[in-house]
Amino acid sequence: MGSPNVGSPIVLGIESSCDETGAGLVRKGRLLGHALASSMDEHARFGGVVPEIAARAHTHALRPVIRQALDAAGLRLADVGAVAVTTGPGLSGALQVGLAGARTLAYALGVPLYGVHHLAGHVAADTLGHGPLPNPCMVLIVSGGHTSLLLVRDLARDPILHLGDTLDDAAGECFDKVARAFGLPYPGGPAIDRAARAGDPRAVAFPRPLPGSYDFSFSGLKTAAARWAEGHAGRELPVADGAASLQEAVADVLTRKAVAACREHGVGTLVVVGGVAANSRVRSLAEERCRADGIELRVPPLGLCTDNGAMIAAVGDLLVRAGAEPAPLDVSIDPSAPLEYAALHPVASLAGAA
């Protein structure tokens with residue numbers, strides 16, 4: 001192991017759970033460099049991610065992305081002292097590509113390997129912009145496939161307490177599906193956000209699902225928006241008003257529940273992470289409501305909200321510094337892994353995911 005790893009190793013993180021191939025390098029909480037390749041354009045014509053296309057794209061992109069991250073950090077592969085990789089949840093074939101690459105590198109370099117839960121990566125992404133997470137903190141994860149409200153203590157050591165989870169469609173999934181009904185391009189989240197700028201958020205009275213619970217349900221909201229669009233058959237659809245009203249409903253539900261949970265549990269910091277954390281109205285309404293309640297709001301830098309390798313390296317770095325056990329040699333993937341701990345070291349016989 002080279003001199004850069006004396007004391008605290010440089011951790012290489014690899015992310016390949018969906019349609020983005022990411023690599024990042026972190027040491028002692030500091031991001032040294034990262035790179036990203038996306039296959040989103042290849043999926044856009046299908047209106048969603050095609051697993052086979054994603055896996056093939058990861059196969060082609062993984063080595064160049066790792067090289068780009070190393071170059072950005074001014075490092076050599078020999079400087080890497082540990083490897084962290086997403087082992088779940090995600091698309092099975094896509095996860096397998098990342099794990100195969102990470103396992104090969106760890107073996108060749110003679111360094112420990114750590115399996116990381118993808119959602120814990122989103123949580124850790126905030127540490128790269130704002131430093132260590134307060135203990136405890138409230139975390140709202142909002143992405144294409146997940147919406148969860150979590151009480152987080154020591155991310156590397158403690159179990160993660162779920163206060164609420166999505167019961168059906170996640171917030172990002174709702175945006176994608178409604179965007180299609182509105183005639184907007186994929187991915188739907190950014191398209192809804194852009195269209196909403198010219199609209200009236202009070203134009204359509206879309207429902208606010210599950211007002212008395214910390215769980216989330218966006219299926220009914222998605223259906224209501226689709227039916228509203230169908231009701232304009234033969235007439236011009238006021239897309240901007242529909243987008244603004246939908247975005248307001250989603251942001252209202254997310255931020256209202258998150259701030260209420262902070263109050264109930266006496267937590268002074270709310271961390272909003274995941275791809276939908278990049279949504280302009282989610283961010284502005286969270287700021288407004290946190291300010292009114294004296295809660296500190298933390299949101300990762302925009303470039304680290306969506307899937308990336310830096311966030312996986314950040315978890316690996318926390319695990320290394322906490323003295324966590326590395327993954328076993330037969331570590332596998334778990335495409336539907338629940339978020340219980342940041343480390344995720346399933347083996348094929350247990351995960352059923354050879």
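Predicted model: local features only at pLDDT ≥ 70, side-chain atom pairs only at ≥ 80, totals over all residues.
The N-terminal end of the helix is capped by N308, a side-chain oxygen of which lies 3.1 Å from the backbone nitrogen of A310, whereas the residue reported after the helix, G323, has a positive phi, near 75°.

The largest nonpolar core comprises 47 residues, of which M138, L140, F218, L246, L254 and L270 touch the most other members. Among the elements that give two or more residues to this core are strand 6 (137-142), strand 7 (147-152), helix 8 (219-230) and strand 9 (269-273), while helix 9 gives the most, with 12 residues. Apart from this core lies another, of 34 residues, which includes L150, V152, A156 and I312. When neighbours within four places in sequence are left aside, the contacts of M138 include L149, L150, L151, A258, C262, H265 and V271.

H117 is located in strand 5 (residues 113-117) and counts as buried, because its relative accessibility is 1%, below the 20% limit for that class. The side chain of H117 reaches the backbone nitrogen of L339 at 3.4 Å. Not counting residues up to four places away in sequence, H117 touches G88, P89, A337, P338, L339, Y341, A342 and L344.

Key: Residues numbered from 1 in each chain as written. Heavy atoms only, no water. Core = buried A, V, L, I, M, F, W, Y, C linked by side-chain atoms within 4.5 Å. Buried < 20%, exposed > 50% of the residue type's maximum accessible area, 1.4 Å probe, protein only. Helix = DSSP H or I, 4+ residues; strand = E, 2+ residues; numbered from the N terminus. Contact = heavy atoms within 4.5 Å. Polar contact = N/O pair within 3.5 Å; in protein donor to acceptor, adjacent residues only side chain to side chain.
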